[in-house]
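Have a look at the model first, then read on.

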Amino acid sequence: MTNHHSWEAAEKLPRDGLISPVVNDSRARSRGRASRGTWLGRMAVLAGLYLVYTAAFKGHIFFEKTADASIVYHIGDVKWGPCTGEGEVEGAECGFAIVPLDYTDRDAGVAKIALGRYKSTSGNRKGSVFLNPGGPGSPGKWLATQMGPYVHMLLGEDYDVIGFDPRGIGETEPQTQCFPGPGTHFAFIANTVLEHGFDVGPNLTDPKIRDHLIHQQREADALWQTQMQVCEQTMGDKLRYMGTVNIARDIEFITSLLDGEGAPINYYGLSYGTVLGQFLVNMFPDRVGRVVLDGVVDAVDWTTLPAYKWGRHLQTSSETAYKRFMSACAEVGPLRCALAKKDNEDPDVIMSRVESFIEHLHFHPLAVPNATAPGILTSGRARLLLFAAIEAPELWSIAALALDMAMNGDGSAALDVQRASIHYDDLQRSAISCNDNTVLNAPTAEEVVDEHLWVLEHVTRFSLAGMVLETDFGCHHWPVTPPERFSGPWNHTLRNPILIVSNTADPITPLATGQLVNDRFGSSSRLLVQDSAGHCALAMPSLCMIGNMRAFFADGTLPEEGTVCPMDGSQFPDPDGPSMLSVEDKKRFESARRVAKAMLKK
Ligand SMILES: *[C@@H]1O[C@H](CO)[C@@H](O)[C@H](O)[C@H]1NC(C)=O
Ligand SMILES: *[C@@H]1O[C@H](CO)[C@@H](O)[C@H](O)[C@H]1NC(C)=O
Ligand SMILES: *[C@@H]1O[C@H](CO)[C@@H](O)[C@H](O)[C@H]1NC(C)=O
């Protein structure tokens with residue numbers, strides 16, 4: 001929609017109009033992200049206007065000028081229309097809601113939250129269900145507009161599926177855009193430790209290895225500091241409004257707009273989306289309708305510990321997931337898993353070949369002239385590729401092939417797959433995680449490295465890969481303080497119990513965390529376990545899990561305490577899915593896999 005309209009800056013406002021600080025120019029946006037060359041200049045002009053006008057007025061409106069009319073939107077306005085993007089399903093609607101920029105100060109201006117909707121098709125509409133795909137930093141509008149019918153197969157057809165781009169992200173305004181345009185943030189981190197990962201030597205007790213890690217950590221820290229200073233200069237105060245507290249308030253506010261004042265809040269969140277979910281249900285315990293959290297992160301760790309200390313808890317299943325990958329690889333054999341060299345090979349033998357290769361790369365990085373973007377394959381990058389792969393079983397065949405090619409001297413596929421698995425989205429992710437995290441003292445490089453060495457030795461060899469893949473680090477350099485922080489309690493008694501879903505071999509959100517959060521909620525939650533590897537149960541969906549989610553959304557039915565869902569078919573994803581399914585089951589299974597695959601690409 002923004003493609004057809006222009007959002008006018010302050011000077012076009014009617015005389016009696018109040019001013020919104022959300023001044024923007026989407027003509028630049030509609031020309032595509034590639035043309036923001038003058039972005040800095042424009043920001044300077046707009047910032048100047050903003051200063052002049054906020055001195056004169058404070059306001060609650062958002063001003064839209066189209067070809068034939070000027071429209072003024074107020075807080076609480078919702079607008080729907082057809083979608084104009086690509087890949088949208090029939091019947092999907094696109095729109096936005098105008099919400100307070102700052103819920104503690106309604107005079108601070110407005111935010112425009114981009115929404116997608118796919119309406120209930122059952123004839124028995126029960127409300128709206130909000131979705132969040134995680135990140136943080138991932139847009140979510142597409143979940144309704146591109147995935148609506150498939151999400152219905154997962155959750156049942158009684159709800160309007162609502163996707164939204166959280167604050168700072170996607171089409172929502174204001175947007176977190178610290179660097180001057182597309183590619184510039186990536187250019188900034190390309191070929192640094194933040195892109196190719198940390199090189200960890202094979203002998204963790206060797207002091208030289210520790211020194212080498214400290215050296216890399218100092219570089220990483222200076223890079224975090226630099227990018228956050230860039231962000232302070234370009235975004236300034238606007239960064240304060242991007243955190244999870246405000247995203248939770250947006251969901252509550254928009255639920256009331258769509259379903260009526262005080263209506264129950266329904267929500268389905270994955271990964272970081274479970275942090276948002278814990279904020280949401282604890283901030284609004286009396287509003288909780290049907291809430292499902294899959295792939296659980298502990299909101300207490302998230303808000304109180306610096307990110308470099310999360311691995312102790314978050315990566316306790318990384319090794320289990322790695323072993324599952326290797327044993328599934330051995331099971332399907334060389335035809336589908338190129339790392340296996342013969343049928344029924346011992347999975348430990350396959351793993352030790354991979355580990356020797358990564359060790360070799362530590363001393364001899366591989367030149368990769370034929371990758372889409374030429375580069376080198378370092379041990380850190382190979383570790384990143386492997387970690388991204390164990391998070392996503394859908395990638396197993398291709399990751400095995402890419403690694404096997406690299407082991408035979410051609411690292412081009414490995415480099416390409418690894419780069420595709422990281423999402424560079426400016427600092428949209430930091431803007432959320434750093435606003436959520438309580439102000440922290442800067443740790444020394446030695447403190448950070450010693451923590452990682454401990455995790456490497458006692459928990460998982462993927463410790464530092466987690467740190468590069470999950471870019472929540474460096475928040476001690478974050479330049480702003482949000483208007484509100486939420487610090488619990490995290491165990492409110494909820495109006496309706498929520499459903500927590502964990503799988504047994506999740507390399508980044510382990511079952512143990514699902515159990516912890518479930519225990520904390522007492523009778524206000526129930527845990528459903530699925531026996532599979534990958535990040536979130538949805539990564540490797542089962543009909544049992546889908547059946548339980550549908551029953552829960554239908555009428556609040558909880559699974560029996562202690563329910564463990566088995567996988568359907570092989571842990572190594574079969575391109576055709578499991579055999580012997582009824583037509584309806586096949587549709588459900590394919591729908592869930594389709595949503596999971598789409599999430600991988602976003
Ligand atoms: C690892 O390094 C320590 C300290 O330098 C050394 O004593 C030990 O022999 C090394 N271990 C191996 C397997 O090389
Ligand atoms: C890169 O491609 C060229 C041309 O196809 C080929 O000769 C060369 O062997 C390739 N290099 C590697 C390292 O794969
Ligand atoms: C919530 O947790 C706190 C601290 O662990 C505890 O004191 C309190 O009793 C718990 N509240 C409920 C409702 O379980």
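Predicted model: local features only at pLDDT ≥ 70, side-chain atom pairs only at ≥ 80, totals over all residues.

**Charged pairs**

Side chains of opposite charge can pair when their charged atoms come close. A search through the whole structure turns up 28 salt bridges. Here are three of them, with their N to O distances.

| Salt bridge | N to O distance |
|---|---|
| R167 and D250 | 2.6 Å |
| R461 and E355 | 3.6 Å |

Let's start with R167 and D250, whose side chains meet in a salt bridge. This pair links distant parts of the chain, 83 residues apart. R167 sits in the loop between β7 (159-164) and α5 (184-189), while D250 belongs to helix α8 (residues 244-259). Are these two partners buried or exposed? Both R167 and D250 are buried.

Now for R461 and E355, another pair whose side chains form a salt bridge. R461 lies in the loop between α18 (445-458) and α19 (463-469), and E355 lies in helix α13 (residues 347-363), so the bridge ties together parts that are 106 residues apart in sequence. R461 is partly exposed, at a relative accessible area of 26%. E355, at 17%, is buried, because buried means under 20%.

**Where α8 meets α9**

Back to α8, the helix that holds D250. How do α8 and helix α9 (residues 272-283) cross? Their axes come within 9 Å and cross at roughly 65°. The two helices are therefore roughly perpendicular to each other. As for handedness, the crossing of α8 and α9 is right-handed.

Which residues make the contact between α8 and α9? On the α8 side, they are T244, V245, I247, A248, R249 and I251. Across from them, α9 brings Y272, L276, F279, L280 and M283. Sorted by class, the contact of α8 with α9 has nine nonpolar residues, one polar and one charged.

How values were computed. Residues numbered from 1 in each chain as written. Chains lettered and ligands numbered in written order. Heavy atoms only, no water. Salt bridge = Lys/Arg side-chain N within 4 Å of Asp/Glu carboxyl O. Helix = DSSP H or I, 4+ residues; strand = E, 2+ residues; numbered from the N terminus. Buried < 20%, exposed > 50% of the residue type's maximum accessible area, 1.4 Å probe, protein only. Axes fitted to C-alpha atoms, helices over the stretch in contact; angles between N-to-C directions. Parallel < 35°, antiparallel > 145°, perpendicular 65-115°, else oblique. Left-handed = near helix turned anticlockwise from the far one by under 90°. Contact = heavy atoms within 4.5 Å. Nonpolar A, V, L, I, M, F, W, Y, C, P; charged D, E, K, R; others polar.
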